[in-house]
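Trainee: Can you walk me through this one? I have the viewer open.

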Amino acid sequence: MILSEFELQALLLSLKVGFWTVVLSLPFALLIAWILARYQFYGKFFLDGLIHLPLIIPPVVIGYSLLTLFGKQGVIGNFLYNWFDITLIFNWKGAVLASAIMAFPLMVRTIRIALETLNFETEIAARTLGATPFDVFCSITLPRLVPAIIAGMILSFARSLGEFGATITFVSNIPGQTQTLPIAIYSLTQKIGGEEAAWRLSIICIIIAFLALFLLEAFKNKIKNLT
């Protein structure tokens with residue numbers, strides 16, 4: 001299957017967006033998952049609901065919210081542009097932000113569930129022997145979370161590759177800048193004679209999705225066996 005320059009450009013951009021989505025989301029997902037799994041506090045239900053909101057509301061709502069907040073006239077976007085000369089709208093960085101928000105709940109949920117199933121006895125023993133909470137997390141908890149973290153990364157990456165609504169609403173459809181695989185497929189379906197290329201890209205998306213499911217299944221038993 002030979003891809004045209006247009007198709008290859010969309011594929012590489014999607015991989016780039018997916019990679020940075022995972023890299024930038026992971027530290028925050030780990031922190032939020034830890035807070036939700038290990039602490040009880042006033043407003044926890046609200047935080048939990050806010051994190052999972054992108055799974056429920058239409059993606060276009062997320063995209064429009066991002067456009068309002070991070071556009072050059074938006075509260076955050078205006079600040080970033082004037083003080084740091086950073087523009088998120090109409091470029092791949094904005095696509096990363098949109099994808100990260102849509103995929104974030106899946107990463108958080110995967111890690112949180114694993115945290116809630118961990119046996120605390122080893123951690124408690126380490127604390128009684130004088131280990132600090134940070135040492136316990138780095139030397140005991142984190143290594144046991146590796147399968148769940150990898151699974152969350154895979155799930156987040158796959159979700160990023162399939163993101164459409166929030167991305168096209170926030171950063172539009174610009175070849176080479178914001179035109180990821182789903183947006184490229186949409187564009188091809190609007191063109192006469194674009195069906196063949198649309199099918200090629202669709203097959204690539206299906207292959208990536210099956211690969212992600214295969215990898216998730218490979219880590220499934222490891223997550224269940226966390227102790």
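**Working through the model**

Mentor: Val23 lies in helix H1, residues 5–38. Helices here are DSSP runs of H or I with at least four residues, strands are runs of E with at least two, and both are numbered from the N terminus. This is a predicted model, in which local features need pLDDT of at least 70 and side-chain atom pairs count only at pLDDT 80 or more, while totals for chains, interfaces and linings use all residues. Residues are numbered from 1 along each chain as its sequence is written, and side-chain values use heavy atoms, with hydrogens and water left out.

Trainee: Is Val23 buried, exposed or partly exposed, and what is its relative accessible area?

Mentor: Val23 is partly exposed, with a relative accessible area of 36%. Buried means under 20% relative accessible area, exposed means over 50%, and partly exposed is in between, using a 1.4 Å probe and protein chains only.

Trainee: Now the inside. Which residues touch the most other members in the largest nonpolar core?

Mentor: That core has 19 residues, and Leu30, Ile32, Phe104, Val108, Ile111, Leu115 and Leu145 touch the most other members. H1, helix H5 (92–117) and H7 each supply at least two residues of this core. The largest share, 7 residues, comes from H1. A nonpolar core is a set of buried Ala, Val, Leu, Ile, Met, Phe, Trp, Tyr and Cys residues joined through side-chain atoms within 4.5 Å.

Trainee: What does Ile32 touch?

Mentor: Leaving out residues up to four places away in sequence, Ile32 touches Ile51, Phe104 and Val108. Contact means heavy atoms within 4.5 Å.

Trainee: How many residues of helix H9 are buried?

Mentor: In helix H9 (residues 181–189), 7 of the 9 residues are buried, so the helix is largely enclosed by the rest of the structure. The buried ones are Leu181, Pro182, Ile183, Ala184, Ile185, Ser187 and Leu188.

Trainee: Changing topic. How many salt bridges does the structure hold?

Mentor: The structure holds 5 salt bridges. A salt bridge is a side-chain nitrogen of Lys or Arg within 4 Å of a carboxyl oxygen of Asp or Glu. One of them links Arg112 and Glu116, at 3.1 Å from N to O.

Trainee: How far apart are Arg112 and Glu116 in helix H5?

Mentor: They are 4 residues apart in helix H5, and therefore separated by about one helical turn. Arg112 counts as buried at 15% relative accessibility, while Glu116 counts as partly exposed at 44%.

Trainee: Which residue forms a salt bridge with Glu163?

Mentor: Arg159 does, with the closest N and O atoms 3.3 Å apart. Glu163 is buried, with a relative accessible area of 2%, and Arg159 counts as partly exposed at 24%.

Trainee: What about Arg200 and Glu196, how close are their N and O atoms?

Mentor: The closest N and O atoms of that salt bridge are 3.1 Å apart. Arg200 counts as buried at 18% relative accessibility, whereas Glu196 is exposed at 58%. Salt bridges that share partners join Glu7, Glu196 and Arg200 into one network.
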